[in-house]
Amino acid sequence: MTKPRIPRVAGRSATPARPLSQSLPLSLSLALALVLVLSACARTPGPSPKPGPASALTHIHGLGLHKDTLYVATHEGIHSPGAGGAPVLVGVRRDDFMGFTVAADGTFLAGGHPAPGSGGPANLGLVTSADSGRTWTERSLVGEVDFHSLDTAPGGAVYGYDSTAGRLRFTRDLTVWEDRASLRALDIAVSPTGPDTVVATTETGVARSTDGGRTFTPGSGQVVSYVSWGAADALYGLSPDGVLFRSGDGGAAWTRVGPVPGGSPQALTAVDARRLLVATGDGVYESRDAGRSFVRRMEVRSGGDGH
């Protein structure tokens with residue numbers, strides 16, 4: 001999203017200008033779009049804008065579902081749909097939750113940055129919530145790590161992409177972390193049936209690891225910005241230009257499903273093989289038929305800095 005900067009992961013679509021994309025092959029245009037996403041997200045953050053109207057969200061970084069309630073991690077806290085689908089802040093914290101996922105037991109896991117003026121270190125490390133985002137507990141790596149992508153593995157282990165070091169990290173207890181491979185990535189996903197199988201989105205395609213993220217094959221094939229594994233044979237990917245793909249073999253081959261509404265993809269979560277949550281330029285959408293059709297759940301207003 002000179003020496004490359006470490007990427008700021010979630011949110012954050014920045015597509016090439018039309019004349020450039022028209023003059024290049026599609027695969028190269030998509031790769032350049034992902035490079036721009038990585039580069040744009042690597043910028044040193046400035047002061048956060050004042051919260052906008054409650055009817056529109058900006059800067060979406062993650063999506064989750066718990067007890068059939070939608071949770072949206074944003075630049076300004078966690079939100080859920082209220083009356084008429086208007087976003088309602090969950091709890092009181094307006095932290096910039098970059099990495100976000102909901103574990104199988106309902107625990108919320110997140111990383112990112114504290115809200116401006118709240119004090120404390122610039123990076124949250126790993127924080128968790130046992131009450132659906134109403135309150136949060138500091139768990140590990142506070143002040144050290146800015147997690148931009150988090151995903152759980154079968155058995156409860158957690159992988160996190162550390163954007164501060166450009167490295168994959170792994171923990172079994174949410175406290176002690178192991179360093180795994182160094183790579184430049186935007187998003188990660190863990191196989192729901194194999195805790196050692198991890199994929200990562202890169203500028204050259206999807207990189208794959210079968211040894212718990214210690215090593216990765218070079219990224220190749222279809223370029224996607226975001227990935228999410230809904231079932232063993234249902235790995236979904238969302239390209240920089242907003243097209244949904246599905247892979248039945250862990251990312252080796254991809255089948256085009258179709259464009260998602262709203263363009264400018266910001267986040268993707270596969271709840272299972274058929275139920276998907278997607279955040280794009282104008283809304284948070286849900287599909288219950290494997291991406292063939294979508295219903296808008298919440299409104300989104302694109303940020304003014306490329307997010």
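The model is predicted, and its pLDDT averages 84 over the protein. The largest pocket holds about 870 Å³ of space, and T269 is among the residues nearest its centre. We then turn to E286, a residue of strand 22.

- A pLDDT of at least 70 is reached by 80% of the residues.
- Residues 1-32 have a pLDDT below 50, yet in the model this stretch has 98 contacts beyond near neighbours in sequence.
- Residues 39-55 also fall below 50 in pLDDT, and this stretch has 32 contacts beyond near neighbours in sequence.
- Where pLDDT is low, the predicted coordinates should not be read in detail.

**The largest pocket**

- Rolling a probe the size of a water molecule over the atoms shows where empty space is left.
- The lining of the largest pocket is made up of 45 residues, and those nearest the centre are T101, V102, D151, T152 and T269.
- Strand 1 (60-66), strand 5 (96-102), strand 9 (147-152), strand 13 (188-190), strand 16 (226-231) and strand 20 (267-270) each give two or more residues to this lining.
- Sorted by class, the lining has 24 nonpolar, 16 polar and five charged residues.

**A closer look at T269**

- T269 counts as buried because its relative accessible area is 19%, and the cut-off for buried is under 20%.
- The T269 side chain reaches the backbone oxygen of L63 at 2.8 Å.
- Leaving out residues up to four places away in sequence, T269 touches L63, S228, R275, L276 and L277.

**A closer look at E286**

- E286 sits in strand 22, which covers residues 283-287.
- With a relative accessibility of 7%, E286 is buried.
- Its side chain makes a polar contact with the side chain of R297 at 2.6 Å, and another with the side chain of R288 at 3.4 Å.
- Leaving out residues up to four places away in sequence, E286 touches R275, L276, L277, S293, F294, V295 and R297.
- Along the chain, E286 and A270 are 16 residues apart, and 9.8 Å separates their C-alpha atoms.

**Linking the two residues**

- Which residues does T269 touch, beyond those up to four places away in sequence? They include R275, L276 and L277, and E286 touches R275, L276 and L277 as well.

Key:
Residues numbered from 1 in each chain as written. Heavy atoms only, no water. 1 Å grid on protein atoms, 1.4 Å probe; cavity = no way out; pocket = protein on both sides within 12 Å on 5 of 7 lines; lining within 4 Å. Points joined across faces, edges and corners; volume = space filled by probe spheres on them. Helix = DSSP H or I, 4+ residues; strand = E, 2+ residues; numbered from the N terminus. Nonpolar A, V, L, I, M, F, W, Y, C, P; charged D, E, K, R; others polar. pLDDT = per-residue confidence, 0-100. Contact = heavy atoms within 4.5 Å. Buried < 20%, exposed > 50% of the residue type's maximum accessible area, 1.4 Å probe, protein only. Polar contact = N/O pair within 3.5 Å; in protein donor to acceptor, adjacent residues only side chain to side chain.
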